[in-house]
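Welcome! Please take a moment with the sequence and the model, and then we can walk through the fold together.

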Amino acid sequence: MTDGTSGQVLTIDLPADPSRLAPTRERLRAWLHAQGVDEWDVETVLIATGEACANAIEHGYRFAPEGITTLRVELRGDRLEIEVRDHGGWRPTDGEDASDRGRGRLIMARVMDEATIVGTPEGTCVRLVKRLAPAG
């Protein structure tokens with residue numbers, strides 16, 4: 001796993017291994033705290049970003065460890081922009097899936113101000129935006 005933390009941008013290359021999710025969340029948590037992000041916003045960002053990364057590992061790469069998901073987080077004033085990008089296979093949503101799964105999109109949409117998912121044969125990009133609470 002590599003990461004670059006210069007200025008107000010964080011980039012992490014995450015192998016498609018579920019055991020890498022917790023360390024990635026902790027790196028993101030530490031970076032958000034270092035940027036002065038309010039704890040409530042930190043927690044909601046971790047929920048949505050964790051869901052996006054887990055989906056990339058499970059669905060994009062089907063747990064193939066050679067797959068790499070790129071997490072890029074940028075703070076622009078009071079706006080946090082997050083991209084989770086994989087180069088795995090896109091699987092269209094099956095509206096007839098009766099299992100208790102598939103709530104990730106709903107979770108991301110509910111806790112973030114913007115949540116878009118673009119899937120192509122070349123991979124998937126999840127873009128999340130959170131307008132941050134004023135400091136203090």
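This is a predicted model: local features need pLDDT of at least 70, side-chain atom pairs count only at pLDDT 80 or more; totals for chains, interfaces and linings use all residues.

Residues are numbered from 1 along each chain as its sequence is written, and side-chain values use heavy atoms, with hydrogens and water left out.

Let us begin with the layout. The protein chain has three helices and six strands; here helices (H or I, at least four residues) and strands (E, at least two) are DSSP runs, numbered from the N terminus. Read from the N terminus, the order is β-β-α-α-β-β-α-β-β. The protein chain has 136 residues, and 37% of them are buried, where buried means under 20% relative accessible area, exposed over 50% and partly exposed in between, with a 1.4 Å probe and protein chains only. Among contacts with a separation of 6 or more, 60% join residues 24 or more positions apart; a contact means heavy atoms within 4.5 Å.

Now look inside. The largest nonpolar core holds 31 residues, and those with the most contacts inside it are Leu-28, Trp-31, Leu-32, Val-73, Leu-80, Ile-82 and Val-84. Such a core is a set of buried Ala, Val, Leu, Ile, Met, Phe, Trp, Tyr and Cys residues joined through side-chain atoms within 4.5 Å. Several elements each supply at least two residues of this core, including strand E2 (9-15), helix H1 (21-34), strand E3 (68-76) and strand E6 (123-131). Helix H2 gives the most, with eight residues. Val-84 touches, among others, Ala-52, Cys-53 and Ala-56, as well as Leu-71 and Val-126, not counting residues up to four places away in sequence.

How do the helices pack? Two packed helices are described by the angle between their axes and the distance between the axes. H1 and H2 meet at an angle of about 150°, with axes 10 Å apart. That makes H1 roughly antiparallel to H2, a term for angles over 145 degrees. Residues of H1 in this contact include Leu-21, Leu-28 and Leu-32, and those of H2 include Val-42, Leu-46 and Cys-53.

H2 also pairs with H3: their axes come within 9 Å and cross at roughly 155°, so H2 and H3 are roughly antiparallel to each other too. From H2, the contact uses Thr-44, Ile-47, Ala-48, Glu-51, Ala-52 and Asn-55, and from H3 it uses Gly-104, Ile-107, Met-108 and Val-111.

Is Gly-104 buried or exposed? At 7% relative accessibility, Gly-104 is buried. Leaving aside neighbours within four places in sequence, Gly-104 is in contact with Glu-51 and Asn-55.

Our last stop is Asp-86 in strand E4. Asp-86 is buried, with a relative accessible area of 5%. Beyond four places away in sequence, the residues Asp-86 touches include Ala-56, Tyr-61, Ile-68 and Gly-123. Asp-86 and Asn-55 are 31 residues apart in sequence, and their C-alpha atoms are 9.8 Å apart in space.

Terms used: Axes are lines fitted to C-alpha atoms, for helices over the stretch in contact, and angles run from 0 to 180 degrees between N-to-C directions. Angles under 35 degrees count as roughly parallel, over 145 as roughly antiparallel, 65 to 115 as roughly perpendicular and the rest as oblique.
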